[in-house]
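This briefing goes through a single protein chain by topic. Please have the sequence and the structure open while reading.

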Amino acid sequence: MQLFLRNKNLSKVIALTLAWLWLYHDVIRRLVDDWRVDENYSHGFLIPLISGYALWAKRATLASLPLAPRWLIGGAVLLFAVLLLWAGILSGELYAARLSLCLSLVGVVLYCGGGQWLRACAFSLGLLLLAIPIPSLLFNPLAFRLQLLASDWATRAIRAFGVPALREGNVIELVNMKLQVVEACSGIRSLMTLLTLAIVYAYFFERSWWRRIVLVLAVAPIAVVTNAARVTGTGLLAHRYGEAAAEGFLHNFSGTLVFIAAVLLLLLTAWLLSRIDTVFSKAKPA
């Protein structure tokens, strides 16, 4: 907001903002609809709020930055974003249109404020990418890989408990039933939410870059392990108590418990990284 207030040509900024809203209002509407109906991206409602808070937290830094508008570069980025938007609309590719939305914000910041403003706003702008659903071309193979991985690990764990189990693809055959690991049980949902949580936590609470990177990389194994544990528990309960134990309230509630466990493991990882950093800092020679 201070960027707009400090701009000498406020009328141009207002006109640019209105033009941006006119161009992207339908893209935003469709994106919000996806957040509302797609549980894999229900966290999307929080991302603009977190992004805005990150900007608010840096308000003192932003207020001290000089305005050095990059008219040519910013205009070129905006032009490319508009072309990408039109290409996405004409081809029916929602991801391109949504990517254009984020890219256009980069162009606006460059056009109005310059490179220093873009660097200061980089996290807030980059975070918005996590609110955009992955295109099906990438989402479906990833979800299927996670299904197979969860099925494989769960089958091995079930056998370790002495229960006969055979895996065929994403289907686990027990003595009294078949347990299918569907997309909703692949772990993709917790993976996307955990990734967002890890990035936000790393930005606000971690100061070491190596700890930030390791914490974000830890998201994938944590999501896979916890989801495999959920499938294992479901298989053991189904073997013991029948098919009803693998469905309904108990199955859905186990998903909530597993996600809480994944969050706790993520926080534990952050704590361990902090302890490791402290030990190595003390071990360094003075």
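## Briefing on the chain

Leaving out residues up to four places away in sequence, V219 touches L191, L194, L195, A198 and L266, where a contact means heavy atoms within 4.5 Å. This is a predicted model, in which local features need pLDDT of at least 70, side-chain atom pairs count only at pLDDT 80 or more, and totals for chains, interfaces and linings use all residues. Residues are numbered from 1 along each chain as its sequence is written, and side-chain values use heavy atoms, with hydrogens and water left out.

**The chain as a whole**

- The chain holds 13 helices and 3 strands; helices (H or I, at least four residues) and strands (E, at least two) are DSSP runs numbered from the N terminus.
- Of the 286 residues in the chain, 40% are buried; buried means under 20% relative accessible area, exposed over 50%, and partly exposed in between, with a 1.4 Å probe and protein chains only.
- The accessible surface of the chain is about 16,400 Å², and carbon and sulfur atoms account for 69% of that surface; areas come from the Shrake-Rupley method with a 1.4 Å probe, and for residues only the protein chains shown count as cover.
- Among contacts between residues at least 6 apart in sequence, 73% join residues at least 24 apart.

**V219 in α12**

- V219 belongs to helix α12, which covers residues 219-241.
- V219 is buried, at a relative accessible area of 2%.
- L195 and V219 are 24 residues apart along the chain, and their C-alpha atoms are separated by 6.0 Å.

**The sheet**

- The 3 strands form an open sheet in the order β1-β2-β3, with antiparallel pairing; two strands pair if DSSP finds at least two bridges between them.
- β1 (166-168) and β3 (178-180) are at the edges with a single partner strand each, so one side of each has no neighbour in the sheet.
- On average, neighbouring strands of this sheet are turned by 25 degrees against each other, direction ignored.
- Between β1 and the antiparallel strand β2 (residues 171-173) there are 3 bridges.
- R167 is placed opposite I172 in β2.
- In general, strands of a sheet pair through backbone hydrogen bonds, either parallel or antiparallel.

**Helix α9 and S151**

- Helix α9 (residues 136-160) lies across β1 and β2 and runs at about 170 degrees to β1; axes are lines fitted to C-alpha atoms, for helices over the stretch in contact, and angles run from 0 to 180 degrees between N-to-C directions.
- S151 sits in helix α9 and is buried, with a relative accessible area of 0%.
- Beyond residues up to four places away in sequence, S151 touches R167, G169, N170, I172 and V181. R167 and I172 are the residues that stand opposite each other in the sheet.
- The side chain of S151 also reaches the backbone oxygen of Q147, at 2.6 Å.

- R211, R212 and L215 are buried in helix α11 (residues 209-217).
- Seen down the axis of α11, these buried residues fall within an arc of 100 degrees, so they line one face of the helix; the arc is that of the directions from the helix axis to the C-beta atoms.
- W209 and L217 are exposed on the other side of α11.
- D277, in helix α13 (residues 248-283), touches S208, W210 and R211, not counting residues up to four places away in sequence.
- D277 counts as buried, at 19% relative accessibility.

- M192 is in helix α10 (residues 188-205) and is buried, with a relative accessible area of 8%.
- Not counting residues up to four places away in sequence, M192 touches N40, Y41, H43 and I134.
- N40 and M192 are 152 residues apart along the chain, with C-alpha atoms separated by 7.0 Å.
- G44 is found in the loop between α2 (10-37) and α3 (47-57), and G44 counts as buried at 0% relative accessibility.
- Apart from neighbours within four places in sequence, G44 is in contact with W35 and A131.
- G44 and T196 are 152 residues apart in sequence and 9.5 Å apart in space, C-alpha to C-alpha.

Key. Polar contact = N/O pair within 3.5 Å; in protein donor to acceptor, adjacent residues only side chain to side chain.
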